[in-house]
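Here is a set of exercises to work through with the viewer open. Try each task yourself before you read its solution.

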Amino acid sequence: MNIKETLRYLGYGRSQADEQTLHLAESCWRELEETAVKRCCFREYPLSFPGGGVADMGCFQTGSKDLLKNLKDCQAVILFAATLGVQADSLIRRYSLLRMSRAVVLQAAAAAMLEDYCDQVNEELRREYQEKGLFLRPRFSPGYGDFSLECQPALLGALEAGKRIGITLTDTLLMAPSKSVTAVIGVSLAERNCTVKGCESCGRVDCVYRRND
Amino acid sequence: MSADILKEIRRRKVFFDGGMGSLLQAKGLKAGELPETWNLLHPEIIKKIHRDYLEAGCDIVTTNTFGANRLKYPAGGAFSLEDMVKAAVANAREAVREKGRGYVALDLGPTGKLLKPLGDLDFDDACRIYREVVTAGSRAGADLVLVETMSDGYEAKAAILAAKESCSLPVFATMVFDQKGKLLTGGDVESAVALLEGLGVDALGVNCGLGPVQMKEIVKELLRYVSVPVIVNPNAGLPRSQDGRTVYDIDEEGFAAVMEEIADMGANVLGGCCGTTPDHIRRLTERCWDKEQVLPERKNRTVVSSYTHGVVIGRDPVIIGERINPTGKSRFKQALRDHNLEYILQEGVTQQDHGAHVLDVNVGLPEIDEPRMMEEVVKELQSVIDLPLQIDTSDTKAMERAMRIYNGKPLINSVNGKEESMREVFPLVKHYGGVVVALALDEGGIPETAEGRIRIARKIYATAAEYGIGKEDILIDGLCLTVSSDSRGALTTLETLRRVRDELGGKTILGVSNISFGLPQRELINSTFFTMAMADGLNAAIINPNSQVMMQSYYSFRALADLDGQCGDYIRMYGGQAGSGDPAPGQGSAKAGTDRGAGTGFGQIVPSGSRQMGLGDCICRGLKERAHETAKTLLEEREALDIINNEMIPALDYVGKEFEKGTLFLPQLLMSAEAAKAAFQVIKDQMAEKGQSREKKGIVILATVKGDIHDIGKNIVKVLLENYSYEVVDLGKDVPPEKIVKETVERKAPLVGLSALMTTTVPSMEETIVRLREYAPWVKVMVGGAVLTEKYARTIGADRYCRDAMASVNYAESVIGKKNLPQYEKGEGTA
C-alpha cells in the first residue's frame, strides 16, 4: 500500500494528511487491490541511430531529444505496456457518480498502484538483463518531456497491446483504460546513472505533483 | 453452400485453419505494415497460405480481414476497404475452388477501440463499422462470418448483431479468456455463453490468448454451459521472446496431442490461432479427423447476464430489486425529469448492497421520452453496477432500444398471452436474446383459476416456440391479485406456481408485494406470502431488497430448503448481530468515520449554540451522516434559510479558503461538499413539503471536450458548484462543440466550464470556444485541465483559467453569483 504516493498525487506535497483522509486512502487501496486486474506486456527491439537526431526502434522512429538523452549508449529497447484494466476505470467511474471524494482518492491510489506495478516488473526485467551483463535505463513514457504521444499507435501496435492486455487508443491518442502506461526502456552494455527519468525530466519545476525524493 | 457447414459440423469434427500474421511476417510483412493490404498487393501469397491450410486438412479458411475496418482504413485512404474485403474473400474462394472443397469464413476481429463509456467508440458506431465489412464480405461470397479474438462481450455483441442484420450467413464467435477464465473486461465463461447463445450464434468458443494446455480448463467450463457446437482455436503455445523471435513452449506435435484431448473432451470445431502453421493443422487433423462428433446437449438453463457474470434462475430463488421505478415516488420522478442519474444509480447500488441479484429498471413517466430515457438509464447503470438488469416497460420501442445497447443477456418485463403482445415482444427476444417474463393473462383478462392461467402459459410457450424461443427463456408470472379483494387470490397464485413447475416444467416469477395492497402492515403479509411462494417453487421474486423482513424470509427459506450449505449465508447475515441485516459491502467501506478527523477549529469561528458539534463543524470535517442528522435537528427550531446562510455557507466558505491556502486538500474539500450536500437534501425535502424551493443562482454548463475521456476534474467542479446553488448542466465527456453551443444557446447560460486533460484535446477546446464566441457572444468561458496554464488558456481564447475547483467557484461567483445573491432573501420572502 503506497499511501505516500497517493497523497502526492492528491497534491499534499510535504503536508501531513489528516486521519480521516488517511483512512480513506487505505480503504481505497484495499478496494482497488480487490478490483484492479494488473496486466503487462513487453518486447525487445533493436535500437539504432540513423542520424539527424533520430532514434529508430524498428517499429517506429522518434526525434525526441529527451528520449535520445535517456537512450544514450543503448543498443536495444524494451517496449513496455501495463494497465490496471477496465475494472479500475469502472470503479472510479462508479464513485464519481456516488461519492466524489472517494473517486479522487481512488484515482490517485490507482495512479500510485500502477507506477508501483511498473516499478516491480521493471525491477524483474533489470535483474534478468543484468544476468546477461546488460543494463536497463529508467523507463521513459510518451508524453514525458518532448516524447510525443504520436508514437502511441506504433508502440501499442508493435506490442499487440490491444489484443493481449486490452489497451486501446482514442482518436486523440489517449489510452483506454485510462490507468495504463506505455514506456521505452533502454538496454545498454554500459552501466550508467541515468538522470533522465520521467517526472524529473519535466521543465515544470514548480509543479505541486513533482516527485522530490 | 453456407448452410452446409452447419450440416457438416453435425456429422463430423470440422477444422479451422491456423495463424496468418506470423506466416505473413515470414514472407516479409514489415512491423507496422497493415496485413490486410496484402490481399491486394500480394494476392498470390495469401492464396498460397489458404491453400496450404486446405492441403493440411482444414475445412474452413478464414479471410485475411482481421483488422479490416473503417477505423484502420478510413475513406479516402490509400486502400479502399470494400475492395480489400472483396479481394480477401476472393483469395480464399479461389483457394477453395482450386482445392475442390472447403468453406470461407469472413473474419471479423476487434475494432481496436474500447466502447463507451470507458472508451470513445459508440455501440451503434461499432455496429456500423462491422456492418460495412459484413456487407462487402457476404456479397463477395463468404460462407460464414467468424467473430473472433473478442475480449469484450459488448464489442462481440456489436459484431454479431451487425452480421445478423446484414446477411443470412451462419455466425460463429470465439472469445479470448485468460487463465482464470475471464475476458479482459472481466466477464466469465458463463456470462459469455449466455450472451452469445442469446444472440443466436451457430457455434461459439475460445481462441487466442492461451495455448491448448491452458485452454483445457476453459473448454471444460464451456462444455458445462453450452448448447451449440464448440470451437477451440488456441495459440501455438505460451510465447516467449528468444533472441528477438517469438517461440512457443510446445512444438507442433505437442500442440496436436493436446488438441486431440480437447477433441475427446467434446470440442466440435478445432483449429489454431497465433503462431500455428499448416504443420500444426496437419498433425491436428491427422489425429482427429475420424473422431466421433458428439454435439453438446441442450442445457435448458435459464440464465441472464451482466458484462461480468451470469445469474442462473433455477431452484435457488433470485431476488430482483424493484426500486428503480417512479411509481409512487415523487423524488424519483423528479430525478427522471432532471436526468439526475446519480439518484437512480444510488437506488441501484443500495439494492445491490442489500442482496439483489438483478435490478428491475422502469422509467415510465407520461411526460418523458421513454425510449430515450430507458437507453440512457440502462447505459449508465450497466457502466457502474455489475448486476444483470430487467428491462421493465410496456413501450416496445423503449424495450428494443434498451435490449440493443444492453451489455449482456437481459431479463425482459414483460410479454403476455395476448396475440399482439407476443407478436411484438418475441421477435425482439429472438433477435437480441433475453429471458422474458410472461404474464398469465390474455385478451380475456386474468383467469380466476390456476387452470386458466396454466392454459395461457401453455399458449405462450407454444407461440414462443414458433419464434424459436425455448421454454428456458420464459418466466411465467402466475400473477398475484390483492388478497383483500379476493380471499382465494394467494392460493390460486400458489397453485399456478406449483403447476408450472410440475406439469409444464417451467420457471416462475412474481411481483410479490401486490398481494398485500390495501392491508395494514403490508410487510407481514408480503414476507409470509413470499415464503409460501418459494416453498411452492417460485424461481424469481420482484421485491424490495432493502426490506429487512423480506430478506429475512429469503435467507431463512434458503437455509430451510437445503439451498444454503451449512446455513453459511444465513449465519453470515444474522450471526452475532441479531436483526441487523444491513450488509452494505460496497458502501460500508466508503463511509467516512463518523467521529474521526482532526478538528478544524471551525467551531470557534462559527458559534453553533450549545451543541457539541454544529452543522458547520460537521461540514468542515466532512461528516456526511452527521451533517444529515444535525440538519434534521436544526430544522426543528430554525428556518431553512437561516441554517443555509448562517451555518452552511460560512462553513463552505471557510473550507474553500483553507483549501486555497493549502492547509486543506482535495479529499477534504470534497468530503465537506458531500456533507453539505447531505444537509442541503434534508433542507430541500422540508422546503418541498412546504411547497418552497431553494432558488438557483444561475446555470453553469460543464463539459469535458470532444476527444477527451478524462472527466474527473469536471466532476469535482460540478460537486462544488452545486453546493453553491448553481444549476449545473453536466454534458459529460467527449462532448462535441456543437452540443455545447446548442445547450448554451438554448439555456441562455451565462457561464460554461470546459475541461481537457491532454495537449491532444486542447485544440478541441479551442474550437469549442471559437464557436461559443460566434453563437453565444454573451457567455463567459472558464477552462481547466492538467496541461493548461494561464497563458495557454488565454491563447485559446478562454475568459478564465481555473487552476483548481475552488477557482471555478470563485469565478462563477464573480460572473453570476454575486449579482444574484439577493435571491436567497427572495426565497425567504416567498416562504
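**Exercise 1: Charges over rings**

The charged end of A:Arg102 sits over the ring of A:Tyr95, 5.1 Å from its centre. A charge counts as sitting over a ring if NZ of Lys or CZ of Arg is within 6 Å of the ring centre and within 35 degrees of the ring normal. Before going on, note that this is a predicted model: local features need pLDDT of at least 70 and side-chain atom pairs count only at pLDDT 80 or more, while totals for chains, interfaces and linings use all residues. Residues are numbered from 1 along each chain as its sequence is written, chains are lettered from A and ligands numbered from 1 in the order in which they are written, and side-chain values use heavy atoms, leaving out hydrogens and water.

Task: find which ring B:Lys329 lies over.

Solution: go to B:Phe332; B:Lys329 lies over its face, 5.6 Å from the ring centre.

**Exercise 2: Aromatic pairs**

Task: classify the pair B:Phe123 and B:Tyr154 as stacked or edge-to-face, and say what it ties together.

Solution: 
1. Start with the rule: rings of Phe, Tyr and Trp (its six-membered ring) pair if their centres lie within 6.5 Å; planes under 30 degrees apart are stacked, over 60 edge-to-face, and the rest tilted. The count by this rule is 9 aromatic pairs over all chains.
2. B:Phe123 and B:Tyr154 are 4.7 Å apart centre to centre with 25° between the planes, a stacked pair.
3. B:Phe123 lies in helix H6 (residues 123–139) of chain B and B:Tyr154 in helix H7 (residues 153–166) of chain B, so the pair ties together parts 31 residues apart in sequence. Helices (H or I, at least four residues) and strands (E, at least two) are DSSP runs, numbered from the N terminus.
4. Check burial, where buried means under 20% relative accessible area, exposed over 50%, and partly exposed in between (1.4 Å probe, protein chains only). B:Phe123 is buried at 3%, and B:Tyr154 is buried at 6%.
5. For an edge-to-face pair, look at B:Tyr554 and B:Tyr555, with 5.0 Å centre to centre and 70° between the planes.

**Exercise 3: The partners of a glutamate**

Task: work out which residues B:Glu253 contacts beyond its neighbours within four places in sequence.

Solution: 

**Exercise 4: A barrel**

Task: find how many strands close into the barrel of chain B, and in what order.

Solution: 
1. Two strands pair if DSSP finds at least two bridges between them.
2. In chain B, 8 strands close into a barrel, ordered E13-E14-E15-E16-E17-E18-E19-E20, with parallel pairing.
3. One of the pairings joins E13 (residues 318–324) and E14 (residues 358–361) of chain B over 3 bridges; the partner of B:Ile324 in E14(B) is B:Val361.

Key. Contact = heavy atoms within 4.5 Å.
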